[in-house]
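Good morning, and thank you for making time for this presentation. Please have the sequence and the model open as I speak.

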Amino acid sequence: MSVLAYAFLANTKVTKNRPADEHRFQIKYGSHLSGVLDVAVDPLGVTTTIFLGIDIERKIFIAADPLMNNPSPMSRSVEFKAENVDRILEYGWCAWERDRREAKTTTRRKFELLPDIRTEILIGGKQGRLLDLILLERIARGLDPGERHLVAEKLPVLPDPRSASSAISHILLDELQIAPEALLDLISSASRLKMAVRGWVAETHLESYLKTVQGVTDCARLQGDGKPDISLRWKGGPPMLIECKNVLRTTYAGGIPKLDFQRTRASKADPCSRYYMPGDFQVLAACLHPIKEEWVFEFALTANLPPHSSCAGRISNNIAVNAPAFSADIQDVLDRLI
């Protein structure tokens, strides 16, 4: 096994016009501040990439998702709070959400494709937990933020080296709730592995559930990038398209699940293309697994979702998964389309 580390200095240096309790690490090497860093991630998984800031004085690290930070403009900062540092020092390992925003500049090469600005999960740990971080990156690479957050919280202790393989298998099998044979079949096929890191498990559970619903026929998974996840017919009607998305691990006040509903990338010519349109598919299935740790779903018609505040004709990327738009009764939701 090999590890590729993109490591930067993290500190709490007071900066003008920035919050007093802010810590950060700056993505740069030496004095070069205007370039772009291409983050290498081994598609075969032989080499594990970690992307982190290191606070040498406190002997802690703060890690970000390498895939969400590829490419990275030099001199960009990753900020976090003093309360996050306090939690790391107290518990030794923790994870939290960080909002990402589009950069103000559009002059660097990376903005030929606008960056992934979905909610990011940062992971903090003491020096002795670095191997935990490497293990996490091997397990959670490419997962949605909500699932990445869940895996981070489920991995508080490094497995005993004498039983590491069985411990990892146990974690994965419990997390995915599938048979060992199914997991091995999944890993043995590269194309199916790609689907796994983009929500294969959630989509499979959703498909299995929909096939049990009376009145649903011709239910099938759709293949290919940019397509909705499932097509079905309801009570003999025309095909309907369903998109499956994982909610975030944290919730709104009152325990209401929240969904960061946007594509990972957008074209430079149309920044609004990262947001979905009601006509892209008829039904959104919000997977609650990152919160409930069970494969359960809430459903909504895309026509009933809130509009985006600045992109006309697009759906908001911040969605509360609650009534009246969402319902666990898929039959009731599908009936509204008839």
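This is a predicted model: local features need pLDDT of at least 70, side-chain atom pairs count only at pLDDT 80 or more; totals for chains, interfaces and linings use all residues.

Phe8 has Gly53 of strand 4 as its bridge partner. The bridge belongs to the pairing of strand 1, residues 2-11, with strand 4, residues 47-55; the two run parallel and are joined by eight bridges.

These strands are part of an open sheet of seven strands, in the order 7-2-1-4-5-10-8, with mixed pairing. Strand 7 (76-81) and strand 8 (93-98) are the edge strands, each pairing on one side only. On average, neighbouring strands of this sheet are turned by 30° against each other, direction ignored. Helix 1, residues 82-91, lies across strands 2, 5, 7, 8 and 10, and runs at about 160° to strand 8.

Let me return to Phe8, now for its side chain. Is Phe8 buried or exposed? Phe8 is buried, at a relative accessible area of 5%, whereas Tyr29 is partly exposed, at 36%. Across the whole structure, a search finds nine aromatic pairs. In the pair of Phe8 and Tyr29, the ring centres are 5.1 Å apart and the planes stand at 35°, so the pair is classed as tilted. Phe8 sits in strand 1 and Tyr29 in the loop between strand 2 and strand 3, 21 residues apart. Both residues belong to one aromatic cluster, formed by Tyr6, Phe8, Phe25, Tyr29 and Phe51.

A further aromatic pair, Tyr209 with Phe299, is stacked, with 6.3 Å from centre to centre and 20° between the planes. Tyr209 lies in helix 7 (200-210) and Phe299 in strand 17, so this pair ties together parts 90 residues apart in sequence. Tyr209 is partly exposed, with a relative accessible area of 34%, while Phe299 counts as buried at 1%. As for a charge over a ring, Lys258 lies over the face of Tyr252, 5.6 Å from the ring centre.

How many disulfides does a search of the whole structure find? It finds one, formed by Cys272 and Cys311, with their sulfur atoms 2.0 Å apart. The torsion about the S-S bond is about -75°, so this disulfide is left-handed. Cys272 lies in the loop between strands 15 and 16, and Cys311 in the loop between strands 17 and 18, so the pair ties together parts 39 residues apart in sequence. Cys272 is partly exposed at 21% relative accessible area; Cys311 is buried at 6%. Cys244, by contrast, is in no disulfide, and the nearest cysteine sulfur, that of Cys287, is 5.3 Å away.

Definitions and conventions
Residues are numbered from 1 along each chain as its sequence is written. Side-chain values use heavy atoms; hydrogens and water are left out. A disulfide is a pair of cysteine sulfur atoms within 2.5 Å. Helices (H or I, at least four residues) and strands (E, at least two) are DSSP runs, numbered from the N terminus. Buried means under 20% relative accessible area, exposed over 50%, partly exposed in between (1.4 Å probe, protein chains only). Two strands pair if DSSP finds at least two bridges between them. Axes are lines fitted to C-alpha atoms, for helices over the stretch in contact, and angles run from 0 to 180 degrees between N-to-C directions. Contact means heavy atoms within 4.5 Å. Rings of Phe, Tyr and Trp (its six-membered ring) pair if their centres lie within 6.5 Å; planes under 30 degrees apart count as stacked, over 60 as edge-to-face and the rest as tilted. A charge sits over a ring if NZ of Lys or CZ of Arg is within 6 Å of the ring centre and within 35 degrees of the ring normal.
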